[in-house]
Amino acid sequence: MVYASDEDASADVMEPHDQFVSSMQSRLAKLQVVSRYWERNDFKGAISAMQKMADDAVLADVMSIMTEKIDIVTLDICSCLLPLLSGLLESDMDRHLSISLDMLLKLVRIFGSMIYSTLSASTSVGVDIEAEQRMERCNLCFIELEKVKRCLPILTRRGGSVAKSAQELSLALQEVS
C-alpha cells in the first residue's frame with residue numbers, strides 16, 4: 001500500500017489501536033460498576049449489572065475471579081449465575097468457554113445433588129416458605145442445567161481443553177442427576 005504522506009500511514013496504523021483502547025476503556029468502566037457492587041457484598045446486584053451489560057468479556061473476567069471465591073456462592077446466587085454461564089457457552093472464544101465450563105463444574109459439584117434431590121423429593125404438607133423458595137431456586141437451576149447439557153455435545157466435538165472440560169462437566173452432571 002502506498003501512502004500520500006506519513007500522516008496517512010500513521011492514521012492507518014493508529015485506527016486499530018484507537019479501537020482497542022476504546023474497547024478496553026469500555027470494559028474497564030463496566031468492571032468498575034461490577035466492582036462497586038462487589039465491594040458492598042451485593043453479589044446479586046453485580047450479577048444483575050453484568051446481565052444488563054451483556055458483555056461476554058466482562059462476564060468472563062468476573063467469573064474467572066469468582067471461581068477462586070466460590071465460597072460466596074449460595075443457591076440463590078447460583079440460580080442467578082447459571083443463565084449467564086449457560087449463555088456464555090454460546091461464545092466463540094475458548095477463554096470464555098473454558099471459564100464458563102470451569103465455573104459450571106464447580107457449581108454442579110457444590111449444588112448439583114441438592115438441586116436434583118430437591119426436585120425429586122416429595123412436597124411437604126403445610127406451608128414452608130424456605131422449602132418453597134429452595135424448590136423455586138432449584139427449579140430455575142435445573143432449567144439452566146438442562147440448557148447446559150444440550151450445549152455439551154457440540155463443545156465436546158470442538159476438541160482441545162474446551163472438549164475436555166465439557167466432558168468433565170457432562171460426567172459431573174450425570175453423577176448428580
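Which residues in H3 meet which residues in H4? The close-ups below work through that contact and several others in this predicted model.

**View 1. The whole chain, for orientation.** The secondary structure of the protein chain amounts to seven helices and zero strands, so read along the sequence you get α-α-α-α-α-α-α. Of the 177 residues in the protein chain, 36% are buried. Take the contacts between residues at least 6 apart in sequence: 68% of them join residues at least 24 apart.

**View 2. H3 against H4.** Back to the opening question. On the H3 side you'll find Asp56, Leu59, Ala60, Met63 and Met66, and they meet Ile77, Leu81, Leu84, Leu85 and Leu88 in H4. By class, that contact of H3 with H4 splits into nine nonpolar residues, no polar ones and one charged. The axes of H3 and H4 come within 11 Å and cross at roughly 130 degrees, which makes H3 oblique to H4. The crossing of H3 with H4 is left-handed.

**View 3. H2 against H4.** Two packed helices are described by the angle between their axes and the distance between the axes. For H2 and H4, the angle is about 15 degrees and the axes are 10 Å apart, which makes H2 roughly parallel to H4. Their crossing is left-handed. Look for Phe43, Lys44, Ile47 and Gln51 in H2, which meet Asp76, Ile77, Cys80, Leu81 and Leu84 in H4. Sorted by class, the contact of H2 with H4 has six nonpolar, one polar and two charged residues.

**View 4. H4 against H6.** Here helix H4 (residues 75-88) packs with helix H6 (residues 129-158): their axes come within 9 Å and cross at roughly 20 degrees. Angles under 35 degrees count as roughly parallel, so H4 is roughly parallel to H6. The crossing of H4 and H6 is left-handed. From H4, the contact uses Leu75, Asp76, Cys78, Ser79, Leu82, Pro83 and Ser86. From H6, it uses Arg134, Arg137, Cys138, Leu140, Cys141, Glu144, Leu145, Lys147 and Val148. By class, the contact of H4 with H6 comes to nine nonpolar, two polar and five charged residues.

**View 5. The largest nonpolar core.** In soluble globular proteins, nonpolar side chains tend to be buried together. In this model, the largest nonpolar core has 49 residues, and those with the most contacts inside it are Met63, Val73, Leu81, Met103, Leu107 and Leu169. Helix H2 (43-53), helix H3 (56-66), H4, H5, H6 and helix H7 (160-176) each supply at least two residues of this core. H5 gives the most to this core, with eleven residues.

View 6. Met103 sits in helix H5 (residues 94-120). A residue is buried under 20% relative accessible area, so Met103, at 0%, counts as buried. Apart from neighbours within four places in sequence, Met103 is in contact with Met63, Met66, Thr67, Ile70, Val73, Leu81 and Leu85. Thr67 is 36 residues away from Met103 along the chain, yet their C-alpha atoms are separated by 5.7 Å. Ser100 also lies in helix H5, and Ser100 is buried too, with a relative accessible area of 0%. Not counting residues up to four places away in sequence, Ser100 touches Leu85, Leu88 and Leu89.

**View 7. Two loop residues with positive phi.** Most residues other than glycine have a negative phi. Asn41 isn't a glycine, but its phi is positive, at about 60 degrees. You'll find Asn41 in the loop between helix H1 (6-39) and H2. Is Asn41 buried or exposed? At 57% relative accessibility, Asn41 counts as exposed. Ala54 lies in the loop between H2 and H3, and its phi is also positive, near 50 degrees. Ala54 has 63% relative accessibility and so counts as exposed.

How values were computed
Residues numbered from 1 in each chain as written. Predicted model: local features only at pLDDT ≥ 70, side-chain atom pairs only at ≥ 80, totals over all residues. Heavy atoms only, no water. Axes fitted to C-alpha atoms, helices over the stretch in contact; angles between N-to-C directions. Helix = DSSP H or I, 4+ residues; strand = E, 2+ residues; numbered from the N terminus. Parallel < 35°, antiparallel > 145°, perpendicular 65-115°, else oblique. Left-handed = near helix turned anticlockwise from the far one by under 90°. Contact = heavy atoms within 4.5 Å. Nonpolar A, V, L, I, M, F, W, Y, C, P; charged D, E, K, R; others polar. Buried < 20%, exposed > 50% of the residue type's maximum accessible area, 1.4 Å probe, protein only. Core = buried A, V, L, I, M, F, W, Y, C linked by side-chain atoms within 4.5 Å.
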